[in-house]
Amino acid sequence: MNKEIKKWFSLNLGNKKQNNCGCSDSKCGDQAMVKNKDGVAQVFDVNMDRRQAFKKLTAGLMIGAGAVSTSCSVVSGEKSKEKSEIEWEEYFKGNYKLMTDEEKNNTVDRLVRSYELRTGSKINISSKDAEKDVLFGYAFNISKCQGYMDCVNACVEENNQDRASQMQYIRIHEMNDGKGLNFGEADDTYYHEVPAAGHFYMGTQCFHCDNPPCVEVCPVQATWKEKDGIVVIDYDWCIGCRYCMAACPYDGRRFNWSTPEIPEQEVNKNQHYLGNRLRKKGVMEKCTFCIQRSRAGDNPACVEACPTGSRIFGNLLDPESEIRWVLENKKVFRLKEDLGTEPKFWYFMD
Amino acid sequence: MMNLKLSILLILAITLFSCKENHEEYHNIIDKIEANSMAYKKDSTFSNNQFEISELTTVIDNDPHFYIKNRKSEIESYACSECHNKPVSQLQSEDLGKKAHWDIKLIHADDKTMSCLSCHKDNDMDNLHSITGGKIDFNLSYQLCAQCHNKEVKDWKGGAHGKNISGWQTSRVSKLCVECHNPHNPSFEKRWPARYNTQMVEQRK
């Protein structure tokens, strides 16, 4: 007489009626109320008979043995052995933040080698750390931007972004004159002669906040702020939950919904571990102020490519830099100041 | 009573000794910048790996000095006096045919403001001349632009106008005014953007 009376005031604690009639030993009479298992219990605390358990165990053992045998076998080729060795070690490496210099060099070497095994060409991945007394800042001149989008092209080429999904870190917004910075009415997929009458142009990208909300919400600490102010992501640590994407108030972060594919000859071979090295499906990425360039003393690709000179980049701690002159002499502002994120990307007008 | 004291002490202890990961706390980025700014004066000697000092002109009337490329070596027909050894009116009457820049047109401001003689002097074509007749070297032509466009030149000297062609770390090398703005026709034409987005990605929706 176990009628399922759903009382309107009962809580749904996830208690389900479970029919355990598949087993030969246990009684089928009573229908036990089993709670929905969560987490580890879901995997370990499962009721199954010996036959099922044995089947599952052997399946797991075979897979493991297969993995081991490819790396240790006598028959398989040197290349595939090396590949699986690299994959094995890459799988078990720790968080980049906790790595010693030697471990960093090792992982970089492994990545370079695995690319060479896959495609036959050499790339150059750096793991250069932040320099002392450097804090990067960026300024954007709204009066000068004409909407040419040369910056977007340069960014895509420099940072090895997926071509199929048109992954872009930079957005150029065509805004209406007289309406202010109204992002809701702005158009960032325009294609007509620029500058169009009645419109002005400005660009957004990751602002590398000094108090970044994306860093605070990451459940695995796969993203953090480096000493020189750049907010970076370790693509091998990211689990792809996109919580940071929800937290960013500026639409700075991008997600790889599919495996990024770049034509071989367009791959930028000068890479940085935290920057433009090739990403995989299911990880976040974003503007890194071209960490592979800025840590080598160059300007980011967007700054270099802009023909009007609207983009200014430099070291905020150098009192004689252009970015400091702009902050001190021009009427600068930032987006969403009241959120307290302290972005290091200022806007100004002539 | 004892419990209350203990718990108050505990709370106090926690608030005093709990520290966030980041030990330097600033209210905003400006405070942080001012606190950490390099206190020493930067070494003012030239340091750049892209350009040689010999191919650059120093903009001395700015502190700190920055650099621009030598303009005279870029002008194909310099020195002007090689052709302009006679007054222009005489050259025009000599019927020399279509030589060098015969078809140059001045589309800069209007004819009440600008004519050829606003910048060039007939008997000294190897230099530019200011409104008061003073000589301005071609390498320092920004001084001529500054007569009317003082605000832009001030911004350019500071770094907010124009293009930086060196990196952020080395001594600054900027583009000269005329490297972007043709002095005889300075306006920019409309053009098509460099890229057409055919895909509205998930992120943007």
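Author: Start at A:Lys144. Setting aside neighbours within four places in sequence, A:Lys144 is in contact with A:Thr308, A:Ser310, A:Asp350, B:Ala160 and B:His161. That list includes residues of chain A and of chain B. The model is a predicted one. A:Lys144 sits in the loop that runs between E4 and helix H5 (150–158) of chain A. Is this lysine buried or exposed? The relative accessibility of A:Lys144 is 11%, so A:Lys144 counts as buried.

Now step back along the chain to E4. Strand E4 (residues 136–141) of chain A is joined to E12(A) by five bridges, and the two run antiparallel. One pairing can be picked out by residue: A:Phe136 has A:Asn315 as its bridge partner in E12(A). As a general point, strands of a sheet pair through backbone hydrogen bonds, in either a parallel or an antiparallel sense. How many residues of strand E12 (residues 311–315) are buried? Five of the five are, so E12 of chain A is largely enclosed by the rest of the structure.

Next, the boundary between the chains. In general, the size of an interface is often given as the accessible area lost when the parts come together. Charged pairs also cross over: the count between chain A and chain B is three salt bridges. Take the pair B:Arg191 and A:Asp150. These residues form a salt bridge, with the closest N and O atoms 3.1 Å apart.

Chain B has 205 residues, and 31% of them count as buried. Its secondary structure comes to six helices and six strands. Along the sequence the pattern reads α-α-β-β-α-β-β-β-α-α-β-α. Among contacts in chain B with a separation of 6 or more, 45% are between residues 24 or more positions apart. Chain B exposes about 14500 Å², with 55% of it supplied by carbon and sulfur atoms.

Chain B also holds an open sheet of three strands. The order is E1-E2-E6, and the pairing is mixed. Which strands lie at the edges? They are strand E1 (56–59) and strand E6 (173–174) of chain B, each pairing on one side only. Strand E2 (residues 66–69) of chain B pairs with E6(B) in the parallel sense, over two bridges. Here B:Tyr67 has B:Val173 as its bridge partner in E6(B).

Back to chain A, and to its charges. The whole structure holds 32 salt bridges over all chains. One of them joins the side chains of A:Asp234 and A:Arg277, at 3.4 Å from N to O. A:Asp234 lies in the loop between strand E8 (231–233) and helix H7 (243–247) of chain A, and A:Arg277 in the loop between strand E10 (270–272) and strand E11 (284–286), so the pair ties together parts that are 43 residues apart in sequence. Both A:Asp234 and A:Arg277 are buried.

A:Arg277 has 3%. A:Asp236 has 28%.

These pairs belong to a wider set. A network of salt bridges links A:Glu89, A:Glu90, A:Lys93, A:Arg110, A:Asp234, A:Asp236, A:Arg277 and A:Lys280. Elsewhere in the list of pairs, A:Glu342 forms a salt bridge with A:Arg334, at 3.4 Å between the closest N and O atoms. A:Glu342 and A:Arg334 are both buried.

A:Trp88, A:Tyr91 and A:Phe92 make a nonpolar surface patch of about 450 Å². A:Trp88 lies in helix H3 (residues 78–91) of chain A.

How values were computed
Residues numbered from 1 in each chain as written. Chains lettered and ligands numbered in written order. Predicted model: local features only at pLDDT ≥ 70, side-chain atom pairs only at ≥ 80, totals over all residues. Heavy atoms only, no water. Salt bridge = Lys/Arg side-chain N within 4 Å of Asp/Glu carboxyl O. Helix = DSSP H or I, 4+ residues; strand = E, 2+ residues; numbered from the N terminus. Buried < 20%, exposed > 50% of the residue type's maximum accessible area, 1.4 Å probe, protein only. Pairing = 2+ DSSP bridges. Patch = residues over 30% accessible without salt bridge, like charges linked within 9 Å, V, L, I, M, F, W, Y side chains within 5 Å. Areas by Shrake-Rupley, 256 points an atom, 1.4 Å probe, with all protein chains shown as cover. Contact = heavy atoms within 4.5 Å.
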